[in-house]
Structures are given as structure tokens and as C-alpha cells.
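Have the structure open while you read.

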Amino acid sequence: MKALVLEHTKQIAVKDVPAPAVVGDNDVKIKINTVGICGSDCHYYQYGKIGSFVVEKPMVLGHEASGTIVEIGNNVKNLKVGDRVCMEPGIPNMSSIQTLSGFYNLDPEVRFWATPPIDGCLCETVVHPAAFTFKLPDNVSYAEGAMG
């Protein structure tokens with residue numbers, strides 16, 4: 001599939017990359033419609049790092065997106081194929097104290113799209129946990145959903 005890849009500082013290209021992994025029982029596969037360009041994408045492009053996060057190999061950019069579900073895992077009941085969705089880009093350790101306390105964003109193990117070594121979502125499709133995928137209301141556009 002095609003993706004926007006940061007190859008080196010100040011060097012990006014549209015490249016062929018492997019398609020996402022198989023959809024797990026609690027996951028959804030999403031055809032990306034819109035991706036917002038975040039300050040972190042710009043910073044990685046300009047400097048190749050943010051704090052201790054250093055781009056050491058080519059990385060797909062993008063971590064704020066919206067799209068349409070094209071496949072669901074066996075255990076997913078709250079979403080269906082065809083739903084327009086946006087996604088939380090940070091995935092925590094589901095058994096951490098912070099996550100279990102309702103503060104998953106404070107989990108020190110949270111992993112964000114487009115934060116080394118994790119590829120981002122500026123690509124054709126992604127597989128994402130259903131628990132961090134949210135249906136867009138009819139009055140919210142894909143662009144608005146990507147800003148979430």
C-alpha cells in the first residue's frame with residue numbers, strides 16, 4: 001500500500017509499504033480518508049527527533065486521522081463495516097494502573113502513531129483497537145474527525 005514516509009530529516013516520499021497486520025478479534029481495519037498534519041509530524045520532518053524520540057529508520061508520518069471501517073474483529077460489537085470513524089492515536093497498556101484507573105493517557109507505556117518506532121497513519125489502511133476507534137456523528141466531517 002502507499003504511505004507518506006519520512007526517510008531522513010527534511011526528506012519525505014510516497015512509498016510502497018507492507019499492508020497492516022491481520023485484524024485481531026478486538027480490532028478494526030480502517031480505510032483512511034483524512035489525516036491531519038500535526039506539529040509533531042512537522043518537528044520530525046524538520047529535526048528528526050522530539051526529545052528522546054529519534055527517527056532512526058524510515059517512518060510513516062501521521063497520527064490524527066479519520067476513515068471508514070472495512071473489516072471488524074470477531075469480538076467487535078459497537079462498530080460495523082461502513083462506519084465513519086476517528087481514532088485515538090495513543091494506545092496504552094490495557095492492564096496498566098493508569099489505564100485501569102481511567103487515565104490511559106498517563107500510562108508511561110502508551111504508544112503513539114508516528115512516534116518512533118511506531119509508524120503513523122498517513123497510509124491507505126490501518127488496523128486499530130476497536131476500543132480506541134469512535135464512530136463519527138453524521139454532522140461531523142472526516143476533516144473534523146481527523147482534528148479530534
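## The largest pocket

Strand 6 and strand 11 (125-129) each put at least two residues into the lining of the largest pocket, with strand 11 giving the largest share, 3 residues. Strands here are DSSP E runs of at least two residues, and helices are H or I runs of at least four, numbered from the N terminus. The pocket holds about 360 Å³ of space. Of its 17 lining residues, M1, P18, P20, D119 and G120 are the closest to the centre. By class, the lining has 13 nonpolar, 2 polar and 2 charged residues.

A pocket is an open set of points on a 1 Å grid where a 1.4 Å probe fits, with protein on both sides within 12 Å along at least five of seven lines; lining residues have an atom within 4 Å of a point.

## Where the model comes from

This is a predicted model: local features need pLDDT of at least 70 and side-chain atom pairs pLDDT 80 or more, while totals for chains, interfaces and linings use all residues. Residues are numbered from 1 along each chain, and side-chain values use heavy atoms, leaving out hydrogens and water.

## A sheet with strand 6

Strand 1 (residues 2-8) is joined to strand 6 by 2 bridges (pairing takes at least two in DSSP), and L6 stands opposite M59.

## The whole protein

Overall there are 3 helices and 12 strands. The C-alpha trace spans about 40 × 35 × 30 Å along its principal axes.

Definitions and conventions. Grid points are joined across faces, edges and corners, and a volume is the space filled by probe spheres set on the points. Ala, Val, Leu, Ile, Met, Phe, Trp, Tyr, Cys and Pro count as nonpolar, Asp, Glu, Lys and Arg as charged, and the others, Gly among them, as polar.
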